[in-house]
Amino acid sequence: MSPSGVLYFTTGYAGQVWKIDPAAGTGDYRTTAAQLVAGNGAATDRGHRVAHERRYDDGTDRATAVPLANAYSVAVDAAGRVFVLSYADGHARIHVVENGRIRTVVDRGLDDAAITSLAPAPGGGGVLFTDARHGTAWQVSDRPGGSGTAGPGPAAPGPDTAALARPVLRQACVGDTERLFGILADRGGDLYYTCNDATQASLYRMSARALAAAGSGPGQRILY
């Protein structure tokens, strides 16, 4: 959901992002026609290793004309920019859609990192994403930020050349058995996230104050 009340959703293997804007239709989500935001529906093979998608580095590609593979998650930042997570050809990629154009801002090998969710970042700029394998939450901007691999572990083929990606929470989970999955930030900057292991799932809270002071977790377990 965008700050203006527009509902965005992905179609998974069909590789598309759609939106429903009641203000531009009937005023009701149920009866307003959906509009295509990104993905031409061409990359419909199942699995994370298909190769129909490519990197969109220069921001000139029309978002609705390119294939996206396995469109998995979508988030909208405070400025209305649409970020979409896709899996293709052994890569996890985050793309940003703005003014009808698409640009790749994160490209990591699935064997090096496991990006599992997107959420709007507190304070406005960009989105948060989680690295389940390393238990780290990252914030990615929407503006070019030079070269470099923005993540732990070996470098993915092709660095995150378009992204200002920085870790905002390290060691989010307890021990080596839990894996970081979903994350949300409230308006005050507190983070809420889930960690799963083989037997249970736990919900944690990391306050903005503690985050600014330490930058590492785990936070307070509030539900398990």
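The questions and answers below concern a predicted model and take its labels one at a time.

Q: What makes up the chain in terms of helices and strands, and how much of it is buried?
A: The chain of this predicted model has 1 helix and 16 strands. Of its 224 residues, 47% are buried, a label that stands for a relative accessible area under 20%. Among contacts between residues at least 6 apart in sequence, 47% join residues at least 24 apart.

Q: Why is His 95 called buried?
A: The relative accessibility of His 95 is 0%, and because the label needs a value under 20%, His 95 counts as buried. This residue is found in strand E7, which spans residues 91–98.

Q: What makes the pair of His 95 and Ser 86 a polar contact?
A: The side chains of His 95 and Ser 86 are joined at 3.1 Å, and the cut-off for such a pair of N or O atoms is 3.5 Å, so the term polar contact applies to them. Leaving aside neighbours within four places in sequence, His 95 is also in contact with other residues, including Glu 53, Tyr 56, Leu 68, Phe 83, Ile 102 and Val 105.

Q: How do you know that Cys 173 and Cys 195 form a disulfide?
A: Their sulfur atoms are 2.0 Å apart, and since a disulfide is a pair of cysteine sulfur atoms within 2.5 Å, Cys 173 and Cys 195 meet the criterion. A search of the whole structure finds 1 disulfide.

Q: Why is the disulfide of Cys 173 and Cys 195 called left-handed, and what does the pair tie together?
A: The torsion about the S-S bond is about -80°, and the disulfide is therefore left-handed. Cys 173 lies in the loop between strand E12 (165–169) and strand E13 (179–185), while Cys 195 belongs to strand E14 (residues 191–196), so the link ties together parts that are 22 residues apart in sequence. Both Cys 173 and Cys 195 are buried.

Q: What makes Glu 178 a buried residue, and which side chains does its own side chain meet in polar contacts?
A: Glu 178 has a relative accessible area of 6%, and because the limit is under 20%, Glu 178 is classed as buried. Its place is in the loop between E12 and E13. The side chain of Glu 178 makes a polar contact with the side chain of Tyr 204 at 3.0 Å and another with the side chain of Arg 221 at 3.4 Å; each of these distances is to be set against the limit of 3.5 Å. Leaving aside neighbours within four places in sequence, the residues in contact with Glu 178 include both Cys 173 and Cys 195.

Q: Why is Ser 73 called buried, and which residues does Ser 73 touch?
A: With a relative accessible area of 13%, Ser 73 falls within the class that needs a value under 20%, and so is called buried. Ser 73 sits in strand E5 (residues 71–76) and, not counting residues up to four places away in sequence, touches Thr 10, Phe 83, Val 84, Leu 85, Ser 117 and Leu 118. Between Ser 73 and Gly 12 there are 61 residues of separation in sequence and 8.3 Å in space, taken from C-alpha to C-alpha.

Q: Why are Asn 99 and Gln 171 called exposed?
A: Asn 99 has 74% relative accessibility and Gln 171 has 55%; because exposed means over 50%, each counts as exposed. Asn 99 is in the loop between E7 and strand E8 (101–109), whereas Gln 171 is in the loop between E12 and E13.

Q: How do you know that the peptide bond from Gly 217 to Pro 218 is cis?
A: Omega for this bond is near 0°, and the bond is cis. Pro 218 lies in the loop between helix H1 (208–214) and strand E16 (220–223). Most peptide bonds are trans.

How values were computed:
Residues are numbered from 1 along each chain as its sequence is written. This is a predicted model: local features need pLDDT of at least 70, side-chain atom pairs count only at pLDDT 80 or more; totals for chains, interfaces and linings use all residues. Side-chain values use heavy atoms; hydrogens and water are left out. Helices (H or I, at least four residues) and strands (E, at least two) are DSSP runs, numbered from the N terminus. Buried means under 20% relative accessible area, exposed over 50%, partly exposed in between (1.4 Å probe, protein chains only). A polar contact is a pair of N or O atoms within 3.5 Å; within protein, one must be able to donate a hydrogen and the other to accept it, and residues adjacent in sequence count only if both atoms are side-chain atoms. Contact means heavy atoms within 4.5 Å.
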